[in-house]
Amino acid sequence: MLGFLTARQAGLDDPLRLRRAESTRRVLSLTLNPDRDVDRVHGNGVNAIDIDAVEGRYMLSGGADGVIVIYDLENFSGKPQYTCKAVCTVGRSSRHVHKFSVETVQWYPYDTGMFVSSSFDKTMKVWDTETLKPAEVFEFEDNVYSHHLSPIARKHSLIAVGTKNPKIQLCDLKSGSRIHVLQGHRAEVLAVRWSPRYEHILATASADSKVKVWDVRRASGSVLTLDQHNGDKSKASSEAVNTAHNGRVNGLCFTGDGLHLLTTGTDDRMRLWNSATGENTLVNYGKVCNESRKRLQFTVSRGCSPEFVFVPCGSSVAVYALHTGELVTMLRGHYNNVDCCEFHTDYQELYSGGKDCNILAWVPILRTADVEEESNSAPTRAVGQASVNPAFQDAWSSDED
Amino acid sequence: MESSQRDRLSVLVEELTTSGQPQLNQDKMKEIKKICKVSNDCLDHVYHSVMSQLSQEHAEVRLSAFQIATELFTRSHHFRMLLVDNFQEFLELTVETDSEQPLPPPKQVARKLRSLAIQTVQSWQASYGTAYKKLALGYHFLKQVKKVDFQDAEARTVAERRRIEERQRRMETIYKERVEAASRDMDESYQEIQSTLTEMESCMSLLLPEFNLTDNLTTSSSPSNIQPADDCPSAGEQPCCSKDVRDDWREGMIQEREEGLEEKKRNPEEKRGKEEKGMTGEKRIHREEIKEKEVKESSEDEIREDNERREEKGKKKTQKGEDKKVQMVTTQREGMEEEEDCEEEEEENSEEEEDADEEDLFIRNSGLISHSYSLDLNISPGLQVKETEDNEAVVSTVIDLHKLIKTKHLPAVHGWVQVFTKSGAEEQLLRRALDLKQSLEAALQKHKELHIDYRTRIRKVMKASSGGEEDSSDDSDDFDEVPEKEGYEPHIPEHLRAEYGLDPSPSTSAFTKNTPAKRPTAPPVSSSSARRLKQLADEVQDPTCAAATLLRLRQNLPPPTDPSCSSSAPSSQQPSSDQKAADAPVVPFGLDLYYWGQEQPNAGKIVKSASQHQFWFHAEGDVEVENKELLAESKSRYISFPGRFIPVSHYCRAPLDNGSLCQRQDRLKCPFHGRVIPRDDEGRPIRQEDQLREERRKREQQPDWRDAELMRDIEAATGEDLGSDRVHKKGKGKKKKFPNLSDVKQTANTARSRLEKKVFNKSTVRRVAQVMSKADGRKHEKFSNQFNYALN
């Protein structure tokens, strides 16, 4: 750390290097921090969370009971102890609340004045954050599993919607209508994701075990269909041709630079694909437990030197190194299945929501200040620790001697 | 950390968790704490061993492990860190947060573990919740997601509570219905049961009247001059006939009682003189009994006496003509060996003797002839009702009632009581049911005490109006008087007997004079096969058959008065002729018998014709050929004599593993223990060579280095364990590892599991499958030409 600082001071290093090193260190030290709490508002499982890209201050969460909550993540109190307060809530009492489970929530990428939510009540709502009223409601024939707004789009404002219907709907925010349908899947579409690199590129994952990459300017068909065997026909059985997984594909995530695509499936596998060529990079992440029948929201870190993947795995969040597939750690804290997690790029924090109604904040531990005097280090540390919290003291009674 | 500490900790944790006790052993716990205090490594080790014990599929193990964890949790920060870090798993294993991982059996302990864990988590949350985030999260998870009510003593989740309530409600309605049904039933059958009870009561009182001797005596055929003595049991007139009896047995025993001695010296002659007056033995018995009764003044004896008298009446007739010398072995005599009995009775006797003097006079008047009388008396203890012709109807009613009570009323009442007690019905109903039960049981008990001696029930044969002495009164009232049966012949000529379905008995008189006891067994028949006998027995059962009529007649014939034709005479002669008939071989008729003692004209000659045709060849071509075999066959015959089947009386008697002896009765060779050889009481062979052979065989079963003694020697020399103590225990089943834990598998022994064991038995399944496939195959064979059968 000091080396990085001096190198930075001397101008020997790219500023990015220090940043990367430090953020990597912070990601590696993620832990469930007693100092950071998130208000318990949800009375039911949390299906989706999203952190706004503009300020990184507000977090949206959608619950299985249709409730949508907005949290303020910024800590202005100056104390380490902070509880993320719920700023506003679309509660059950609201007239506009989703009737059934909210599956996806997303901020409008350029402004926190608007967000979009989709639900199993076959609607997708575009909300005005100020009034907490839907500005637009898109209705569909089937349950909506997932939707996504392109984070970089400047030439279009399309929302891709995956429903129980194999056809992918494209809704235009400008006109407020469904303008397009992408056909090609044979089963319900569980996840849709726009590329963060090319604004017209869309990836979709379906229960027919296929992942397709579309260019929305060319609606006749998909550009790519990801094949887990990379076209090696000898390995694939006839029906497994052009499949990304051997089960339902329910998770989809681009890396920050958009060069790679990650998919998860109910075959307990996670795969990393080259998004340009559609090639399976064959990174082995081992078994990634995944029993969800719905969309699984997972995320990738940004700005670290080896990037990390945070993927819900049963009741914990597994952290993998992106390109080596090495399991870095398991973040254990939820008491039930974890459904979603979101990485806060600015602070290297991770937020995860699960079926146990909790949203947990995983915060890097601050490095404890090194004590300069070596002489009386041991007793003072013990005392210091004890003074922090009396509960940390050991309580051996003397009669056991 | 030293390995010794580690080992010690492992041992302690295992001991604590497998103790099966609801509370931990404090000494061991203290030791654990003492070791753990030393370093965090020890805590790590304890933590891991506790967690591994927590994941055992046994609630008792888990409970103990949980208790260890609680003890350490409050002590050590490090342990808290470890445990809270893995709090999900901990909750899954103790509070059952995952419905797919229920707590293991036994259920009772699991419930206790659960409630204890929930309480503990609450207390932890109170004291450490702020410091340990995951603990707080876990607490909130329990509280909000699992909806555990921490105030609830039972510590149940909402769903559980609802389920229990629902079940309770359901049970209540079921119970209500059952109670209603039961009370309705009870109301309906109350009358019936009551009437049954009264009927039973009256039947019993009929069988055992309180004391009405006179009733019985009126029917007795005893001489009238004795009757008064029997009739009035007043002390003054009592003849003391048991005195001589007593004297008799006293002569045999050590004479220690002086009074008795004196008495005896005073009046032996007198008594003997008196008793020669011609009283029958039976009469004396009665008197003696009466005397006893007087002494004891109990009604039971009266009853017994009544019954006995009834029996005696029958006997008297047959024994009258017999010698007057009757063997007398009284119960008193039997009890002589026991001092107490002796003394008691002697006291009685001495009492008797006191009034004996007064009765001397009477005895002299009715003196008896013989000097030494010995009477055979069987006085069974308690009541004894014997079924006779008089009380037959009553007894049969009693039997019916008894059956009714036992099979119908009592089970029903039991059921009601059960229903009422289970459902907590009104006390009144329960009391009523209990009363009923009590009275029914009392009736049964009374019936049991009666010791009714049932005659073997045969199918009731037709009541012939033969005018028997006793049974004419009530039984025949139900039947109309009918004229004599058509074709009824009191005497059937000898040649017609078979035709009538009767045994062709040569001397009818002998059979008719048989005692009733011998009647049911049909007299041996000289030339009739077993089948015929059976047929005959059937006919006797059939009231429409002549044989039955005859039987009935025989039964009702007056007993023989002539001593000369007593039952013994014909029966002794008959067996000899029967014997002969049985011994003679029955051979099929043959040519040799036909020509017995004659020369056979053309024995062994066969007419051989060249052709079988009738008219293409003329008869002259016949050639006679002599056949040696045929000749021999027609002159002699072989009678194979297989000998007689002798049942095997010896046992194999080889010692078995369970300590008993083999009970197989093979003639020569036991399939398990080889040749049957003579063995002593402990199953060892008696003969030397057998012993040697046995020894050899035993040694062959094991290689000689496995010999336990040899191995023990080697072990002692080398100090290494070769497992000498396992040699003989091999295959005897695994010893239970932790004897203190309650057996989880044992609870699986339910009716369902037992049935499952039978039904899903491999061999059963195979058999069933075989049968089914066979049936299928048959169908296939039959209808294979029809396509829909041919296909499957």
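Modeller: In the largest nonpolar core, which has 83 residues, the members that touch the most others are Leu262(A), Met270(A), Tyr285(A), Phe310(A), Leu350(A), Ile32(B) and Phe90(B). Such a core is a set of buried Ala, Val, Leu, Ile, Met, Phe, Trp, Tyr and Cys residues joined through side-chain atoms within 4.5 Å. Buried here means under 20% relative accessible area, exposed means over 50%, and partly exposed is in between, with a 1.4 Å probe and protein chains only.

Some conventions come before the rest. The model is predicted, so local features need pLDDT of at least 70 and side-chain atom pairs count only at pLDDT 80 or more, whereas totals for chains, interfaces and linings use all residues. Residues are numbered from 1 along each chain as its sequence is written, chains are lettered from A and ligands numbered from 1 in the order in which they are written, and side-chain values use heavy atoms, with hydrogens and water left out.

Leaving aside residues up to four places away in sequence, Met270(A) touches His245(A), Leu262(A), Thr263(A), Thr264(A), Val283(A), Tyr285(A), Val288(A), Phe298(A), Val309(A), Val311(A) and Tyr320(A); contact means heavy atoms within 4.5 Å. In soluble globular proteins, nonpolar side chains tend to be buried together.

Thr299(A) lies in strand E23 of chain A, where strands (E, at least two residues) and helices (H or I, at least four) are DSSP runs numbered from the N terminus. With a relative accessible area of 7%, Thr299(A) is buried. Not counting residues up to four places away in sequence, Thr299(A) touches Cys253(A), Phe308(A), Val309(A), Phe310(A), Cys341(A), Glu342(A), Phe343(A) and Leu350(A). Arg293(A) sits in the loop between strand E22 (279-280) and strand E23 (299-300) of chain A, and at a relative accessible area of 59% Arg293(A) is exposed. With the same exclusion of residues up to four places away, the contacts of Arg293(A) are Tyr145(A), Leu190(A) and Arg248(A). The C-alpha atom of Arg293(A) is 7.5 Å from that of Asn250(A), 43 residues apart along the chain.

Next, the interface. Chain B brings 32 residues into contact with 27 residues of chain A. About 2600 Å² is buried between the two chains, 57% of it from carbon and sulfur atoms; buried area is the accessible area (1.4 Å probe) that two parts lose on being put together, summed over both. Of the area that chain B buries against chain A, Lys37(B), Arg75(B) and Lys133(B) supply 27%, more than any other three residues.

The rule finds one salt bridge across this interface, a salt bridge being a side-chain nitrogen of Lys or Arg within 4 Å of a carboxyl oxygen of Asp or Glu. The side chains of Lys133(B) and Asp37(A) meet in a salt bridge, at 2.9 Å from N to O. On the side of chain B that touches chain A, two or more residues each come from helix H2 (26-38), helix H5 (77-85), helix H6 (87-94), helix H7 (107-128) and helix H8 (133-145) of chain B. H8(B) gives the most, with nine residues.

Chain B as a whole has 31 helices and six strands, and 34% of its 792 residues count as buried.

Over all chains, the whole structure holds 27 salt bridges. Within helix H2 (residues 15-28) of chain A, Glu22(A) and Arg25(A) lie three residues apart, about one turn of the helix. Their closest N and O atoms are 2.5 Å apart in a salt bridge. Glu22(A) is buried at a relative accessible area of 19%, and Arg25(A) is partly exposed at 26%.

Lys355(A) and Asp339(A) form another salt bridge, at 3.5 Å from N to O. This pair links distant parts of the chain, 16 residues apart: Lys355(A) is in the loop between strand E28 (349-354) and strand E29 (359-364) of chain A, and Asp339(A) is in strand E27 (residues 338-344) of chain A. Lys355(A) counts as partly exposed at 40% relative accessibility, while Asp339(A) counts as buried at 7%.

In chain B, Glu71(B) forms a salt bridge with Lys33(B), the closest N and O atoms being 3.0 Å apart. Glu71(B) is in helix H4 (residues 59-73) and Lys33(B) in helix H2 of chain B, 38 residues apart. Lys33(B) counts as buried, at 3% relative accessibility. Finally, a network of salt bridges links Arg687(B), Glu689(B), Asp690(B) and Arg693(B).
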